[in-house]
Amino acid sequence: MCPHGTVAESPTADIACTLCSPEFDDLGVRLHDGVATLRVWSQNAGSIELVIFDETDLDWETAHLPLERTSAGVWEVSTELLRQGTRYALRVDGPHASGNTFNSETLLLDPYARGLAQGDGYEEWRSVVIADGFDWGDIVKPRIPLDRTVLYEGHVKGLTKRHPGVPPALHGTYAGLAHPAMIEHFQSLGITSVELLPVHAFVPEPRLLERGLTNYWGYNTLNFFTPHTAYATEAARKGGPEAVLAEFKGMVKLLHQAGIEVILDVVYNHTSEEGIGGPRSSFRGIDNALYYRQQADGAYIDTTGCGNTLNTSTEAAARLVLDSLRYWTNEMQVDGFRFDLAVALGRDAQHEYDRDHPLLQAIRTDPALAGAKIIAEPWDLGLGGWQTGNFAAGWSEWNDRYRDRVRNFWLSDIDYARRASAPVGIGGFANRLAGSANTYSEERGPLASINFVTAHDGFTLHDLVAYDVKHNEANGEDNRDGADMNRSFNHGVEGPTDDPLVLAARRKAMRNLLGTLMLSAGVPMLTAGDEFGRTQRGNNNAYCQDSPLTWLNWDHESWQQDLQAHVARLTRLRAENPALRPLKYARLGEHIPNASVMDWFDQRGDTMDVEQWNDPRNRTLQYVAASTPDTEEFNRILLMVHGIESPVDVTLPAIEGVTRYVSLWSSGDERPGDVETVHEPGDVVPLPGTSMRLFRAE
C-alpha cells in the first residue's frame, strides 16, 4: 500500500504510486547552487526549448536552450540564465498524431510557474522565476475544528471594492480583504473561515470580451500556482510577481492573526484553453493528448461545460493538482480548498466517477495536506455526474439536497399553499435540520454536509425572496443562461416594491432561511452580503458582471442592520450551544460521544408519531437536541419550527430533567431581542406564521 492508501493490486495502483514517485518531483524551476533547474513533463513531445526574455520587453528573446529528455516523460535543463525574476516561456514540438496539437512557434507557460507577467496581447503571457520565502513570524494557522467552522463565501474584489472603511488604494485587493475594517466585520459577524472565489491566475473568455463583458468569478484558470495579479494593489502590481505574492501571503498572515481561516475555491477540472480552437497557452501545446480527456479521434470529452476537462486519470495531471495543493497549503499557508466540479477530478481512464480515485484519496491522506479542510462540489456535467453523498470519509460536500429542501419548505411550499395547500409535510425538512443522515454515511457524520441556502451562483438571499424568475438580460444571452429552477418566492410582487406587508414577509423569510442555516447540524456556509440582504436585481448568474451589481454595498438601511444583527446572534448561539453542532450521528439506545440525541414533538408537546412526519397538514414541530460532549459542558436546546402562514400556539413539552426553557432567538423579531424570557414545561408559546424560535432547555 502506498502512503496515500492505495492497495498495490488495485486497478488504480499505477497512478497512485506515481503520485508518490520521485520522477515527478521538482517540476518547474528550482533555484539551487547558483543555478536553476527547469523540469517539464511531456510524454509525447519530440523537443522542448527554453526561451528567455528581456526583463522589460517580453517580446525580446535573449536566449534559447534545449531541454533534455530524462525519464517518465520529464525534460530538464540547468542554467545560470534562470534566476529570480527571469521571464521565460517554452516552445514544444512533437509528432502529428491523433490528440497531439504541437506547434513549435507557440510560446507556452510552464504549468508549474510560480509567477506570471503579461505582455500586450490576450495570450502574451510569460512565466517568471520566483524565490519562495516569507516572514510568517509566530503566526500559525488557526486550525478551527470543523464543528465550530462557519464558512463565508466571497469574492476578493467584490468584498471591499465599495467599502468606505477600506482605503481606496486597497479597494478590491488582497490587502483590502485583510484591512482592519474587514476583519472587524468578519469577527462581529461570527464567521470563522473566508472561502474565496478563485484566486488562481485566470483570464476572461474571448467570447465575453467580444461582448464587452469579463469573467468576474474567475472559474477559468490560466495557471494553478500563481495568485491572480489583478487582485493585488497597484503598488504590488508595479512591483512585479514577487510583490503580488507577498501581498497575498500578507493577507493570509493578517487573517490568521485575527483567527480567521482562508479557504480557496479551486478550479482543477478544466483550464482557460477551452475547446479545440480555443486559446493555446500551456497544456494544449505541451501534451494535449494526455492533459485533456478526449476520444480516440482527439475530440474532447467535456464534463465541465467549459470546453475541456483535465485528465486526472493520467499520472502527470493528477500529480500537477496534488503539487499545486501542496504549494498553496504550505508555501501560501491557506487552510483548505473547495473543489469546483470535484467529480471531474475523480473520473478514471474510462471517464467514470470512482470515489476511490487515487487523486481523491491523495487529497484527503497526503501528509503535506494534513489538517486542510477539503470540500467537494459533488457533481459535474458528465454522465453519472451527480454524486452528493458519495465522496469518501474525510471529504465534506456542498449539500444541494439541503439547499433545495430548505428553500422548498420556506419559499416554494408557501407559494403553493397560498393557491391551494402546502404540498408536503415537515419530515424532509427535519431530516436536513438534523444533519442529512439519509445522505451521508454514519462513518462520515453530519460534518460531511456543507449546508448552504445560497452561493455565488444563483439568487442572493434577498433575491430568493423577491423574485420568482431570473432576470439575466445584462449577461447578453437573452436571459437563457442561469438556472430556471430556483425554488424562490417573490411573496406577491416581482422585484422591488413599497408594499409594507410584502416587505415584512420577505424579511421574515430571510430570517427563517438564515436561522435554519445556522441552527442545522452540519457546517454552515453564508454567502457574502446575505447577512445584510444584498441584491443582484434578480440576476442569478452574474459571473460576467464586474460592476456595482456584484460588488457589496456597505451603505445599509435599518432593516439590513437588523438582519446582520440576527446573523451575529445566530453564529454566537451556534458557538455557545454544542447541541447544535454534533460531530457524529446519534444511535437509538446508545451513548455516542459528540453526537446530539434528538427528540421530536408536535405543537401540543406530544412525541411526533409516524403519520405526522409526512402529513402536509402538519408543518409544525419542536426539535430537541441534547449534546453528548467529551470536551464541553452538557447542553440541550429546543427549536420550534412553524411552516405555514397562519399563527399557531405551541405547548412546550415535558422532558425528564428539564425544568425551564430560556428563549434565545426568534425569527419573528425584526431585530433580535436583548431579554432572555423564561418559560416552563406546559407553557403555551404563540408563534407567528412561518417562523422559528430557539430555546435552551435547562
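**Pockets, cavities and sheets**

Analyst: With 4 residues, helix H11 (residues 400–419) gives the most to the lining of the largest pocket. Helices (H or I, at least four residues) and strands (E, at least two) are DSSP runs, numbered from the N terminus. This is a predicted model, where local features need pLDDT of at least 70 and side-chain atom pairs pLDDT 80 or more, while totals for chains, interfaces and linings use all residues. Residues count from 1 along each chain as its sequence is written, and side-chain values use heavy atoms, without hydrogens and water.

User: Which residues lie closest to the centre of the largest pocket?

Analyst: Trp217, Glu377, His456, Asp457 and Asn541, out of 38 lining residues. The space in this pocket is about 1,000 Å³. A pocket is an open set of points on a 1 Å grid over the protein atoms alone, with protein on both sides within 12 Å along at least five of seven lines; a cavity is a set where a 1.4 Å probe fits but cannot get out, and lining residues have an atom within 4 Å of a point. Points are joined across faces, edges and corners, and a volume is the space filled by probe spheres set on them.

User: How does the lining of the largest pocket divide by class?

Analyst: It has 14 nonpolar, 12 polar and 12 charged residues. Ala, Val, Leu, Ile, Met, Phe, Trp, Tyr, Cys and Pro count as nonpolar, Asp, Glu, Lys and Arg as charged, and the others, Gly among them, as polar.

User: What is the volume of the second largest pocket?

Analyst: About 630 Å³. Its lining has 25 residues, and His462, Gly533, Thr535, Trp559 and Gln560 are nearest the centre. Helix H14 (500–519) and H15 are the elements that give two or more residues to this lining. H14 gives the most, with 4 residues. By class, the lining of the second largest pocket has 10 nonpolar, 8 polar and 7 charged residues.

User: And how many cavities are there?

Analyst: The search of the whole structure finds 8 of 30 Å³ or more. The largest cavity has about 140 Å³ and 14 lining residues, with His155, Leu197, His456, Arg534 and Thr550 nearest its centre. The lining of the largest cavity comprises 5 nonpolar, 7 polar and 2 charged residues.

User: Sheets now. In what order do the 6 strands of the open sheet run?

Analyst: E18-E19-E20-E25-E22-E23, with antiparallel pairing. Two strands pair if DSSP finds at least two bridges between them.

User: Why is one side of E18 and of E23 left without a neighbour?

Analyst: Strand E18 (596–601) and strand E23 (678–679) are at the edges and have a single partner strand each, so one side of each has no neighbour in the sheet. Strand E22 (residues 661–666) is joined to E23 by 2 bridges.

User: Which strands make up the open sheet of 4?

Analyst: E1-E2-E6-E5, in that order, and the pairing is antiparallel. Strand E1 (28–32) and strand E5 (68–69) are the edge strands, each pairing on one side only. Between E1 and strand E2 (residues 35–41) there are 5 bridges. Val29 has Leu38 in E2 as its bridge partner.
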